[in-house]
Amino acid sequence: MSETLDADVTVDYPSGFTLSARLVAASGTTVAVMGPSGAGKSTLLAAIAGLVALDAGHVRLGERTLSDGRMRIAAARRGTVLLGQDPRLFPHLSARENVAFGPRAAGVAVAEARRTADELLARVGLAEAGDRRPAALSGGQQQRVAVARALAASPGLILLDEPFTSLDPVTASGIRTMLSAQLADRTCIIVTHDAVDAVALADRVAVVEDGRITQSGRVRDVLRAPSTAFVASLAGLNRVVGVSADGACRVGDVAFAGDRGARVPDGQSVAAVFRPADARIVPGNVHGSSTSRTTTWHAVVARLEQTVGGVRVHTVAAGGSIEVAVDVATDELADAGLVPGVQIVVQVPATTVRLLPV
């Protein structure tokens, strides 16, 4: 039965890195934990799973305390399951026996455990694979068996540590769709680098940066209003931070006019947020300017990034204070001679810019 997770975790490492994070997942909900590499995501998950001792704080699942600064219940006795990139199936057991292992270890009769395993294998799309051993299954099929095995244990909490990283995009998409159905009404924490996972699977998201949660909330709210540069990159948005002046975000001589978002009092920090697809590279030789309809400024091409729809041109201006990505078609890239180091003029319409307090 799913239970509410309440984790207030502090873990100190000899290297000087400290994870200090509070994470709550209501019963029957999924929370995505995201952040840059080395931010503390996996440490947070390991602390919840019981693989890492706490220096302070607690991990509670329902009414039970699983860890605090004085005690730690063993991982196998916490009522949680952890599924990572490696399915870790027993190679000598069939798919059916792998899934039935948890119920049998809990004292369920063999016939009933196997019947449950067959039902779960059918739910994850492997109704005909019960007699096959892991070596005879593809990577995606093995991950499906691992999901069925996790569900068979009837855990109070499911922990997923980047379960799609080792899978190709098509297989990962299939597993993601399957998980979306199977995790309904279950309490789950998923660590991921991919915003698609958060949107497809999670009710809420918590962003960990440098050992701290910097932003949390409903997935849609966080991705629409990123509070840090990293969250903006997750959402695929530009985020330029400046000072509010006359209803615009001013960075040096450039003022980003915005038609949407909050009205921030003059003199306070404000962020201009907009999509790379809404910015454009224009011909001309103008000084950084702003009107009620557009903002225009000089920049330099920093690097180019291939995307599904074309090329993302990363630009830098104002001594590094304005870093903006612009999406262009591949043929436009060649026609405009856009290569790293080239000076350009960038423009963004005010109707596409949202102003957010910092």
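**Figure 1. P340 in the loop between α9 and β21.** In this predicted model, P340 belongs to the loop that connects α9 (330-336) with β21 (343-349); helices (H or I, at least four residues) and strands (E, at least two) are DSSP runs, numbered from the N terminus. Residues are numbered from 1 along each chain as its sequence is written, local features need pLDDT of at least 70 and side-chain atom pairs pLDDT 80 or more, whereas totals for chains, interfaces and linings use all residues. Side-chain values rest on heavy atoms, with hydrogens and water left out. P340 counts as exposed, because its relative accessibility is 51%; the classes are buried for under 20% relative accessible area, exposed for over 50%, and partly exposed in between, with a 1.4 Å probe and protein chains only. Residues up to four places away in sequence aside, P340 touches V301, A302, R303 and L304, where contact means heavy atoms within 4.5 Å. The C-alpha atoms of P340 and V301 are separated by 4.8 Å, although the two residues are 39 residues apart along the chain.

**Figure 2. E112 in helix α3.** Helix α3 (residues 110-123) contains E112. With a relative accessible area of 42%, E112 is partly exposed.

Figure 3. Strand β1 (residues 5-12) runs antiparallel to β2, and eight bridges join them; two strands pair if DSSP finds at least two bridges between them. D6 has V24 of β2 as its bridge partner. Five residues separate the two strands of this hairpin, and G16 in the turn has a positive phi of about 105°. In a regular strand the side chains alternate between the two faces of the sheet. Strand β2 (residues 18-25) has a covered face of L19, A21, L23 and A25, and an uncovered face of T18, S20, R22 and V24.

**Figure 4. T30 in strand β3.** T30 lies in β3, which spans residues 30-34. T30 is buried, since its relative accessible area is 3%. Apart from neighbours within four places in sequence, the contacts of T30 are L183, R186, C188, I190, L201, A202, D203 and R204.

Figure 5. A nonpolar core is a set of buried Ala, Val, Leu, Ile, Met, Phe, Trp, Tyr and Cys residues joined through side-chain atoms within 4.5 Å. The largest one has 45 residues, of which V99, V145, L160, F164 and L179 touch the most other members. Helix α4 supplies the largest share of this core, seven residues. A second, separate core holds 29 residues, including A47, I48, L54 and I189. In soluble globular proteins, nonpolar side chains tend to be buried together. Neighbours within four places in sequence left aside, L160 is in contact with L45, L83, L179, L183, C188, I189, I190 and V191.

Figure 6. On a 1 Å grid over the protein atoms alone, a cavity is a set of points where a 1.4 Å probe fits but cannot get out, a pocket is an open set with protein on both sides within 12 Å along at least five of seven lines, and lining residues have an atom within 4 Å of a point. Grid points are joined across faces, edges and corners, and a volume is the space filled by probe spheres set on the points. One cavity of 30 Å³ or more is counted, and the largest cavity has a volume of about 40 Å³. Its lining consists of L83, V147, A150, L151, I158, L160, L179 and L183. Two or more of these residues come from each of α4 (139-152) and β7 (157-161), and α4 gives the most, three residues. The lining divides into eight nonpolar, no polar and no charged residues; Ala, Val, Leu, Ile, Met, Phe, Trp, Tyr, Cys and Pro count as nonpolar, Asp, Glu, Lys and Arg as charged, and the others, Gly among them, as polar.

**Figure 7. The largest pocket.** The largest pocket has a volume of about 790 Å³. Of its 25 lining residues, T80, V81, L82, R149 and A150 lie nearest the centre. At least two lining residues come from each of β6 (80-83), α2 (95-105), α4 and β7, with β6 giving the most, four residues. By class, this lining has 15 nonpolar, six polar and four charged residues.
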